[in-house]
Amino acid sequence: MSRAEATKARILQAATEEFAAYGIAGARVDRIAKAASANKNLIYVYFCNKDGLFDAVFDAHVGRGLDMVPFTPDDLPDYAGRLFDFYQEHPEVLRLATWHRLERGTAAEGEPAVARPARDAKLASLEAAQKARGGTPPFTPATLLPLVLALASAWSPTNAASTPATTAPAPDAAACRGAVVEAVRRLL
């Protein structure tokens, strides 16, 4: 790895942590440069501006998530369980997605380019799987996919409903995963 590539990688790592913690508006390029042990000007050379840096971080993490958790339309409960595991291991991914929705909106034109083809492919796969099974499915693919994704992220720190009362014990990850898998199974 060249020196420039190493610097860029450090910037992306520092930016991931900064954006996950503070979002786009709250992130500070000065803090990113300091954490990356990089010259602040290099951030602008490599990424043009803070929004460009956020886009690079977001695309890298969404792409990694799409690659690491293959979609299995014929076994959605297992997919939801594996997605739950990924979110537990990489909470920054959901934080980045939440900041994206909060600060960039939910309109189709604001949807990240890296996510659109993957979403469309998942919807087409779900539709094909439903047709192959026959009968009338309880939910359309456009309804089912968001439900599965929401269940998989139910115990994420970004989900206000998942925060237990201060007197309640922290939920067991294995029990939470089991609940996610069972809930998706029942949806079907």
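Reader: Which residues of helix 5 meet Pro 91, Val 93 and Leu 94 in helix 6?

Author: Phe 86, Tyr 87, Gln 88 and Glu 89 of helix 5 meet these three residues of helix 6, where contact means heavy atoms within 4.5 Å. Helices here are DSSP runs (H or I, at least four residues), numbered from the N terminus. The model is predicted, so local features need pLDDT of at least 70 and side-chain atom pairs count only at pLDDT 80 or more, while totals for chains, interfaces and linings use all residues. Residues are numbered from 1 along each chain as its sequence is written, and side-chain values use heavy atoms, with hydrogens and water left out.

Reader: What makes helix 5 roughly perpendicular to helix 6?

Author: The two helices pack at an angle of about 90 degrees, with their axes 4 Å apart. Axes are lines fitted to C-alpha atoms over the stretch in contact, and angles run from 0 to 180 degrees between N-to-C directions. Helix 5 is therefore called roughly perpendicular to helix 6, a term for angles of 65 to 115 degrees. The contact residues comprise five nonpolar, one polar and one charged. For this count, Ala, Val, Leu, Ile, Met, Phe, Trp, Tyr, Cys and Pro are nonpolar, Asp, Glu, Lys and Arg are charged, and the others, Gly among them, are polar.

Reader: How do you know that the span of helix 5 is close to the expected 20 Å?

Author: Helix 5 covers residues 76–89, which is 14 residues, and reaches 20 Å from its first C-alpha to its last. The expected span is 1.5 Å times one less than the number of residues, and for helix 5 this expectation is 20 Å.

Reader: Which residues of helix 5 are buried, and what covers them?

Author: The buried residues are Leu 76, Pro 77, Tyr 79, Ala 80, Gly 81, Leu 83, Phe 84, Phe 86 and Tyr 87. Their cover includes helix 4 (50–68), helix 6 (91–104), helix 7 (115–133), helix 8 (141–152) and helix 9 (173–187).

Reader: Why is His 61 called buried, whereas Pro 91 is called partly exposed?

Author: Buried means under 20% relative accessible area, exposed over 50%, and partly exposed in between (1.4 Å probe, protein chains only). His 61, found in helix 4, has 10% relative accessibility and therefore counts as buried. Beyond its neighbours within four places in sequence, His 61 is in contact with Thr 16, Glu 92, Val 93 and Leu 96. Pro 91, found in helix 6, has 24% and so counts as partly exposed. Pro 91 and Ser 156 are 65 residues apart in sequence and 7.1 Å apart in space, C-alpha to C-alpha.

Reader: What makes Thr 7 buried?

Author: Its relative accessibility is 9%, so Thr 7 counts as buried. Thr 7 lies in helix 1 (residues 3–26). Leaving aside neighbours within four places in sequence, its contacts are Ala 38, Leu 42 and Tyr 46.

Reader: How many disulfides does a search of the whole structure find?

Author: The search finds zero, a disulfide being a pair of cysteine sulfur atoms within 2.5 Å. Cys 176 counts as buried because its relative accessibility is 5%. Cys 48 has 60% and therefore counts as exposed.

Reader: What is the phi of Ser 37, and what is that of Cys 48?

Author: Most residues other than glycine have a negative phi. Ser 37 has a positive phi near 50 degrees, and Cys 48 a positive phi of about 75 degrees, although Cys 48 is not a glycine. Ser 37 is found in the loop between helix 2 (29–35) and helix 3 (40–47), and Cys 48 lies in the loop between helix 3 and helix 4. With a relative accessible area of 60%, Ser 37 is therefore exposed.

Terms used:
Parallel < 35°, antiparallel > 145°, perpendicular 65-115°, else oblique.
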